[in-house]
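Trainee: I would like a close look at one part of this model, the charged pairs. Please take me through them, then follow the chain into what lies around them.

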Amino acid sequence: MKRINLALQGGGAHGAFTWGVLDRLLDEEDVEVAAITGTSAGALNGAAFKSGMVHAGRQGARDSLNRLWKRMGAVEDTRIAGWMRGIEPAHIARTLEYSVPVMMADAWSRLVSPYAYGPFYRNPLEPVVDKFNFAEICAEDGPGLFICATCVRSGKIRVFSGDEISTSAILASACLPNLFQAVEIHDPKTGRTEAYWDGGYTGNPALYPLFHGDLPDDVVIVNINPLERDEVPKTPQQIQNRINEISFNSSLFRELRAISFVQRLLKEGKLKAGEMNRVLVHMIADDALMNDLSATTKILPNPVVLNRLKEAGQTAAHSFLRAHKSDLGTRSTVDLPAMFG
């Protein structure tokens with residue numbers, strides 16, 4: 001049995017790519033997920049995966065993920081899906097990005113605070129998250145689950161686990177401040193109620209919760225924010241989109257750089273084996289597809305795009321397993337020195 005940890009990035013509706021990755025990993029009877037750390041959409045995917053695993057094993061996890069993304073809008077037989085089925089996701093993204101309603105909504109979100117809605121405000125993700133079975137999510141059985149959010153007051157990360165995970169914790173992890181009101185949760189360490197924003201600002205996702213002696217060395221990162229874009233963004237939408245990607249990748253880069261540094265010290269003999277955890281880093285991604293999409297398709301879940309993302313996730317996971325399954329437990333398949341060279 002090959003035991004792995006999963007690190008699931010946030011990225012709004014693009015988290016449907018992770019849905020596909022998890023769906024494909026569930027086919028591998030000899031691969032066990034020991035722990036999951038997730039942010040935003042990664043937190044939703046992680047919660048659905050764990051709840052399903054605790055309830056009914058691998059098929060339960062697959063069913064739970066399918067229910068989650070059906071609630072998120074991945075329904076193929078709607079009228080809009082019918083006439084858009086033959087259109088490439090990139091064309092859908094550009095159509096949405098430059099449509100008048102989307103441009104007006106974007107301008108509105110920059111001018112009007114989510115607090116302006118007063119008693120009429122409700123987080124649109126709340127009905128989706130409320131349907132989770134938190135007795136299963138918080139259970140000691142199944143993979144460990146860690147959910148990341150950002151404390152507004154301190155700017156520091158908070159990682160929720162065990163009984164701390166709730167509807168509020170998941171909503172906090174996915175709380176974009178220009179769209180949603182901050183989520184308030186009591187912090188037993190400070191003794192006060194803290195306001196939280198999206199975890200992507202401080203950990204997308206946080207890797208350090210996975211560095212425990214009882215967890216495996218392998219960390220498989222499911223990346224849904226492109227690490228690189230060859231073309232310089234020029235339009236306002238392109239510029240904002242790239243700013244979003246860079247800011248939401250920065251915390252992951254910092255942790256990967258630290259892992260690379262420790263690995264170099266171990267290789268040079270400046271640290272003794274056993275003094276620091278060995279971390280084997282792997283990544284499943286499809287930057288080509290994600291480069292064709294944009295921040296607009298993150299916040300507007302289109303059924304065609306969601307299902308294409310699922311298919312892309314299944315394909316990317318299949319390619320990873322075919323090329324690197326034998327490397328699990330043996331070596332990293334991400335060349336960190338080259339990444340930071």
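Mentor: Start with the total: the structure holds 16 salt bridges. This is a predicted model, so side-chain atom pairs count only at pLDDT 80 or more. Side chains of opposite charge can pair when their charged atoms come close.

Look at Glu245 to begin with. Its side chain meets that of Arg229 in a salt bridge, at 2.7 Å from N to O. This pair links distant parts of the chain. Glu245 sits in helix 9, residues 236-267. Arg229 sits in the loop between strand 7 (218-222) and helix 9. The two are 16 residues apart.

Glu245 has a relative accessibility of 2% and counts as buried, because the cut-off for buried is under 20%. Arg242 is at 13%, so Arg242 is buried too. Arg229 has a relative accessible area of 23%, which makes it partly exposed.

A separate group is built from shared partners. Salt bridges join Asp23, Arg24, Asp27, Glu28, Asp30, Arg62 and Lys325 into one network.

One further pair is Arg192 with Glu194. Their closest N and O atoms are 3.7 Å apart. That counts as a salt bridge because the cut-off is within 4 Å. Arg192 is partly exposed at 41% relative accessibility. Glu194, at 3%, is buried.

Strand 7 spans 218-222. Five of its five residues are buried, so the strand is largely enclosed by the rest of the structure. Take the faces in turn. Asp218, Val220 and Val222 are on one side. Val219 and Ile221 are on the other. Both faces are covered.

Strand 7 also has paired strands. With strand 1 (residues 2-8) the pairing is parallel, over four bridges. Within that pairing, Leu6 has Val220 as its bridge partner. Strand 8 runs parallel to strand 7 as well, and five bridges join the two.

Follow strand 8 (280-284) onward. The loop between strand 8 and helix 10 (287-292) contains Ala285. Ala285 has 31% relative accessibility, so it counts as partly exposed. Leaving aside neighbours within four places in sequence, Ala285 is in contact with Phe17, Asn223 and Ala316. Take Ala316 from that list. It is 31 residues from Ala285 along the chain, yet their C-alpha atoms are separated by 6.5 Å.

Finish at another site, Thr167. Thr167 lies in helix 8, which covers residues 167-173. Its relative accessible area is 15%, so Thr167 is buried. Not counting residues up to four places away in sequence, Thr167 touches Glu126, Val129, Asp130 and Phe134.

Note on methods. Residues numbered from 1 in each chain as written. Predicted model: local features only at pLDDT ≥ 70, side-chain atom pairs only at ≥ 80, totals over all residues. Heavy atoms only, no water. Buried < 20%, exposed > 50% of the residue type's maximum accessible area, 1.4 Å probe, protein only. Contact = heavy atoms within 4.5 Å. Pairing = 2+ DSSP bridges.
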